[in-house]
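Here are some notes on the model, set down as numbered points for your review. Please read them with the coordinates open.

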Amino acid sequence: MKLNNQFFRPMMSGRGHFGFSLLRNGTQENPVKLGGDINQGGWIAHPYNAPDESYLMWDMVREDGKGGADIYIGFKRQVGAWSKSINMDDKMNTDPHESSPWVTYDDKYLFFTRGNREVKAGGECNWVGKWYWVDAKAIADLKP
């Protein structure tokens with residue numbers, strides 16, 4: 001399975017969604033939207049798909065979150081079917097926005113950003129944040 005980048009761009013309404021596209025005999029099939037267990041919330045963005053495709057992490061805004069955008073994870077059950085999305089807990093998610101998760105090549109560290117949007121006097125909006133990391137075993141600890 002190859003996640004399709006076209007589905008990674010948030011729509012202008014702030015919803016966004018993810019999908020997948022299978023590669024069969026060298027031909028990419030049409031993308032299929034992932035189900036509601038993954039595509040549930042607003043501003044769904046910044047996916048990280050594990051190299052072995054066993055899990056998907058992303059950020060989104062949801063009522064059960066800790067504040068702004070939080071990082072969620074879903075575990076693959078079968079092609080196109082995923083576990084319910086799980087909030088990555090208090091080790092990562094706080095009141096500010098967390099986003100852009102990724103794991104180092106050796107599977108030891110999970111990096112993400114934390115910060116907020118800053119509106120300047122002219123109305124421009126910039127992201128102001130820093131990179132943080134946690135032990136990547138946080139992923140295994142959440143696996144159902």
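1. The side chain of R114 reaches the backbone oxygen of M92 at 2.6 Å, and a second polar contact, of 2.7 Å, joins the side chains of R114 and E98. A polar contact here is a pair of N or O atoms within 3.5 Å, where within protein one atom must be able to donate a hydrogen and the other to accept it, and where residues adjacent in sequence count only if both atoms are side-chain atoms.

2. On provenance, this is a predicted model, in which local features need pLDDT of at least 70 and side-chain atom pairs count only at pLDDT 80 or more, while totals for chains, interfaces and linings use all residues. Residues are numbered from 1 along each chain as its sequence is written, and side-chain values use heavy atoms, with hydrogens and water left out.

3. R114 lies in strand β12 and is buried, with a relative accessible area of 17%; buried means under 20% relative accessible area, exposed over 50%, and partly exposed in between, with a 1.4 Å probe and protein chains only. Not counting residues up to four places away in sequence, R114 touches K91, M92, N93, T94, P96, H97, E98, W127, G129, K130 and Y132, contact meaning heavy atoms within 4.5 Å.

4. R114 also forms a salt bridge with E98, the closest N and O atoms being 2.7 Å apart; the term covers a side-chain nitrogen of Lys or Arg within 4 Å of a carboxyl oxygen of Asp or Glu. This pair links distant parts of the chain, with R114 in strand β12 and E98 in strand β11, 16 residues apart, and both R114 and E98 are buried.

5. How many salt bridges does a search of the whole structure find? The search finds six, among them one between D90 and K66, at 3.4 Å from N to O. That pair also links distant parts of the chain, since D90 sits in the loop between β10 (86-87) and β11, and K66 in the loop between β7 (55-61) and β8 (70-78), 24 residues apart. D90 is exposed, with a relative accessible area of 56%, whereas K66 counts as partly exposed at 38% relative accessibility. Another salt bridge brings together the side chains of D64 and R62, at 2.8 Å from N to O; here D64 is partly exposed, with a relative accessible area of 42%, and R62 counts as buried at 16% relative accessibility.

6. Strand β12 belongs to an open sheet of three strands, in the order β11-β12-β13, with antiparallel pairing; two strands pair if DSSP finds at least two bridges between them. The edge strands are β11 (97-103) and β13 (125-135), each of which pairs on one side only, and the twist averages 25° from one strand to the next, where axes are lines fitted to C-alpha atoms, for helices over the stretch in contact, and angles run from 0 to 180 degrees between N-to-C directions. Between β11 and strand β12 (residues 109-119), the antiparallel pairing extends over five bridges.

7. Within this pairing, the bridge partner of S99 in β12 is T113, and a polar contact of 2.7 Å joins the side chains of T113 and S99. T113 counts as buried, at 8% relative accessibility, and touches H97, E98, S99, S100, W127, K130 and W131, not counting residues up to four places away in sequence.

8. The largest nonpolar core has 15 residues, of which Y55, M57, M88, V103, L110 and I139 touch the most other members; such a core is a set of buried Ala, Val, Leu, Ile, Met, Phe, Trp, Tyr and Cys residues joined through side-chain atoms within 4.5 Å. The elements that give two or more residues to this core are β7, β8 and β12, and the largest share, three residues, comes from β8. Leaving aside neighbours within four places in sequence, V103 is in contact with Y48, Y55, M57, Y109, L110, A136 and I139. A second, separate core of eleven residues includes F18, F20, M60 and W82.

9. Overall, the protein has one helix and 13 strands, these being DSSP runs numbered from the N terminus, with helices (H or I) of at least four residues and strands (E) of at least two. Of its 144 residues, 42% count as buried, and among contacts between residues at least 6 apart in sequence, 39% join residues at least 24 apart.
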